[in-house]
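I opened my notebook to look around this protein one feature at a time. Come along and check each entry against the picture.

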Amino acid sequence: MTDKALRLGTRRSKLAMAQSGQVADAVSRVTGRPVELVEITTYGDVSREALAQIGGTGVFVTALRDALVRGEVDFAVHSLKDLPTTQPEELALAAVPVREDPRDVIVARDALKFTDLPRGARIGTGSPRRMAQLNAYALTHGLDIETVAIRGNVDTRIGYVHEGRLDAVVLAAAGLNRIGRIDEVTDFLSVDTVLPAPGQGALAIECAASDADLVATLGELDDPHTRAAVTAERSLLAALEAGCSAPVGALADLLIDGPVIKEMRLRGVVGTTDGSRMVQQSTTGSVPLTHDGAMALGRELATEMLAQGAAGLMGERAQ
């Protein structure tokens, strides 16, 4: 039955449904088969605790993976930054499509940019990584801000600004792009100011490793440059033994000269959430052509960062 619908497991949030819908359309084009979305509630969706308190690592992923293993869905779509760095043997990371904009953005009152916020401005984010880097930037540039821990979906977070409870919130550009709300952004944060989370802006498409045909089919959506970049970033995260809610930023970008891709630069940052102590390093090398090459680039940078004292700044360490 080649026309039987493929079942795509997705979280229920508006963002997850939007990005899963985009993947479903792409898979339908590749396979000629309909794709139906199967909504799954994860622990991270129902808990109101801070991510760092509930472990962070895998809280948005485990229920989807369990459904895959039980055969309740054929494949699943995740925000790649939510994936634990260890890949289960029974599941294949079949595709990492072309990455969206990896930057963080500000949605602020009165259309303000980050550096124009008033003294004492309250900026909401649920991410220790964002807190660390925003506070570090404020300390070194004479800004007076207060970072406020928040949870909730995009509507909830932007609502805090509209209601006047916060002066600004920090969100991912990719998510706002995918739900058609990028026009609400008042400032795009340069990656020189705030490095994104490892894998931010990228999606992960997983299926059972035993389903070779589906692995190959989904693999048609894979973008090798995105995969190399996020593999290096996640290797850095793993080598630091940091969970995905630890204050670690990483970005691998391609250095391009005209039509030629010359090199890959990997940057990493770890800091205390108050911004008082930061370790920031980068390394540049040839673009990795293999998984092992990308992994090695991440481990190399992690070794340099650990030598600079990164381990003592992370708070949470991966279990």
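**Entry 1**

I began with A294, which I found in helix 9; helices (H or I, at least four residues) and strands (E, at least two) are DSSP runs, numbered from the N terminus. Before going on, I noted that this is a predicted model, in which local features need pLDDT of at least 70 and side-chain atom pairs count only at pLDDT 80 or more, while totals for chains, interfaces and linings use all residues. I also noted that residues are numbered from 1 along each chain as its sequence is written, and that side-chain values use heavy atoms, with hydrogens and water left out.

Is A294 buried or exposed? I looked up its relative accessible area, and at 0% A294 is buried. Here buried means under 20% relative accessible area, exposed means over 50%, and partly exposed lies in between (1.4 Å probe, protein chains only).

Next I listed what A294 touches, with contact meaning heavy atoms within 4.5 Å. Leaving aside neighbours within four places in sequence, A294 is in contact with A228, T231, A232, S235 and P288. I also checked L203, which is 91 residues from A294 along the chain; their C-alpha atoms are separated by 18 Å.

**Entry 1: A pocket**

I turned to open spaces. Rolling a probe the size of a water molecule over the atoms shows where empty space is left. The search uses a 1 Å grid over the protein atoms alone: a cavity is a set of points where a 1.4 Å probe fits but cannot get out, a pocket is an open set with protein on both sides within 12 Å along at least five of seven lines, and lining residues have an atom within 4 Å of a point. Grid points are joined across faces, edges and corners, and a volume is the space filled by probe spheres set on the points.

The second largest pocket has a volume of about 290 Å³. It is lined by 14 residues, and T85, T231, R234, H291 and M295 are the closest to its centre. Which helix gives the most to this lining? I found that helix 8 does, with six residues. Helix 8 (224–239) and helix 9 (291–307) each supply at least two lining residues.

I sorted the lining of the second largest pocket by class and got six nonpolar, six polar and two charged residues. For the classes, Ala, Val, Leu, Ile, Met, Phe, Trp, Tyr, Cys and Pro count as nonpolar, Asp, Glu, Lys and Arg as charged, and the others, Gly among them, as polar.

How many cavities of 30 Å³ or more does the structure hold? I found one. The largest cavity has a volume of about 70 Å³. Among the residues that line it are T10, Q19, F60, L64, H78 and D82. Helix 1 (14–31) and strand 3 (75–79) each give at least two residues to this lining. By class, the lining of the largest cavity has five nonpolar, five polar and two charged residues.

I searched the whole structure for aromatic pairs and found one. F114 and Y137 form this pair, which is tilted, at 5.6 Å centre to centre and 45 degrees between the planes. Rings of Phe, Tyr and Trp (its six-membered ring) pair if their centres lie within 6.5 Å; planes under 30 degrees apart count as stacked, over 60 as edge-to-face and the rest as tilted. The pair links distant parts of the chain, 23 residues apart: F114 is in the loop between strand 5 (104–108) and strand 6 (121–125), and Y137 is in helix 4 (residues 128–141). F114 is buried, with a relative accessible area of 3%.

I then looked at backbone angles. Most residues other than glycine have a negative phi. D110, in the loop between strand 5 and strand 6, has a positive phi near 55 degrees. A111 is also found in that loop, and its phi is positive too, at about 55 degrees. D110 is exposed, with a relative accessible area of 60%, and A111 counts as exposed at 59%.

**Entry 2: The whole protein**

Last, I stepped back and counted nine helices and 13 strands. Buried residues make up 52% of the 319 residues.
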